[in-house]
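Subject: Structure handover

Hello,

Here is the structure for your files. My notes on it come after the display.

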Amino acid sequence: MAVFRNVLFLAVAAGIISGVVMTALQAVFTVPLILQAETYEGAAPAHNHYAAVTDESSAAQAAHEHDEDAWAPADGTERALFNVLANLVTGIGFALVLIAGSEAVGGISGWRPGLVWGLAGFGIFTLAPGLGLPPELPAMPAADLVSRQFWWIGTAVATAAGLGLIAFRREAWLSVLGLALIVAPHLIGAPQPASYETPVPESLHHSFVVAVTMTNLVFWVVLGAAVAMLRGRFMPSPAAQPRLA
């Protein structure tokens with residue numbers, strides 16, 4: 001029981017650090033672009049849009065159906081506070097995933113492996129899903145929400161399984177299987193909107209995709225490093241640590 005308590009404490013500490021970093025990065029790089037895109041919403045051809053606010057290639061991605069009667073935090077302080085809360089919860093959630101995955105294969109032994117695990121998380125939850133479902137701004141069209149969520153989850157799971165086979169199994173055929181799992185979701189293809197018509201300038205969307213990708217890269221690197229550096233305060237050394245799975 002103590003192991004799971006320590007895992008939770010470690011996840012909260014690392015998640016808060018990475019969540020705060022993400023919030024600061026968003027305030028500088030992504031939020032201004034979102035606010036700029038919202039000025040085009042009145043000219044949008046449809047009311048459905050896919051607003052990416054946090055981790056646009058992961059469960060942290062904020063997808064919703066636009067509705068005039070739907071609740072949304074008020075602009076200003078309330079919106080900022082909800083964004084901070086979302087980032088902290090996202091950081092803690094992804095920290096739990098990273099810790100569980102790393103402990104299942106013996107634990108993270110130092111900051112360098114921590115960076116590797118962070119980069120793996122970036123590839124699984126941001127880069128791979130983002131190839132098919134790039135971050136979208138308000139006033140941009142999007143495919144059915146449920147279909148997007150299924151594809152996103154399937155892509156993350158397949159990518160994680162593929163990377164695991166390549167990294168932790170020596171058999172050549174399993175490495176080939178791992179590569180096939182990584183490629184499969186992109187061969188199937190992500191759900192696409194019926195129309196790509198949007199008043200949002202292409203240059204603005206391009207800037208947003210770059211900003212989201214880079215902020216998430218920093219988020220995952222910080223998260224991996226934080227888990228690695230804080231692990232010794234909450235957990236036994238990797239050699240003595242019992243596996244969680």
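This is a predicted model: local features need pLDDT of at least 70, side-chain atom pairs count only at pLDDT 80 or more; totals for chains, interfaces and linings use all residues.

Helices α4 and α5

Helix α4 covers residues 111-132 and helix α5 covers residues 145-168; they pack at an angle of about 140°, and their axes are 9 Å apart. Angles over 145 degrees would count as roughly antiparallel, so α4 and α5 are described as oblique to each other. Their crossing is right-handed. On the α4 side, the residues in contact are Trp117, Ala120, Gly123, Ile124, Phe125, Ala128, Pro129 and Gly132. They meet Trp151, Trp152, Thr155, Ala156, Thr159, Ala160, Leu163 and Phe168 of α5. By class, this contact has twelve nonpolar residues, four polar and no charged.

The second largest pocket

This pocket has a volume of about 420 Å³. Its lining consists of 20 residues, and those nearest its centre are Trp117, Ala120, Ile124, Ala160 and Phe168. Two or more lining residues come from each of α3 (77-103), α4 and α5, with α5 giving the most, seven residues. The lining divides into 16 nonpolar, four polar and no charged residues.

Helices α1 and α7

Helix α1 (residues 2-29) packs against helix α7 (residues 202-234) at an angle of about 155°, with 8 Å between the axes. That angle makes the two helices roughly antiparallel. α1 crosses α7 in a right-handed sense. Their contact contains 18 nonpolar, six polar and one charged residues.

Regards

Note on methods
Residues are numbered from 1 along each chain as its sequence is written. Side-chain values use heavy atoms; hydrogens and water are left out. Axes are lines fitted to C-alpha atoms, for helices over the stretch in contact, and angles run from 0 to 180 degrees between N-to-C directions. Helices (H or I, at least four residues) and strands (E, at least two) are DSSP runs, numbered from the N terminus. Angles under 35 degrees count as roughly parallel, over 145 as roughly antiparallel, 65 to 115 as roughly perpendicular and the rest as oblique. A crossing is left-handed if the near helix is turned anticlockwise from the far one by less than a right angle, and right-handed if clockwise. Contact means heavy atoms within 4.5 Å. Ala, Val, Leu, Ile, Met, Phe, Trp, Tyr, Cys and Pro count as nonpolar, Asp, Glu, Lys and Arg as charged, and the others, Gly among them, as polar. On a 1 Å grid over the protein atoms alone, a cavity is a set of points where a 1.4 Å probe fits but cannot get out, and a pocket is an open set with protein on both sides within 12 Å along at least five of seven lines; lining residues have an atom within 4 Å of a point. Grid points are joined across faces, edges and corners, and a volume is the space filled by probe spheres set on the points.
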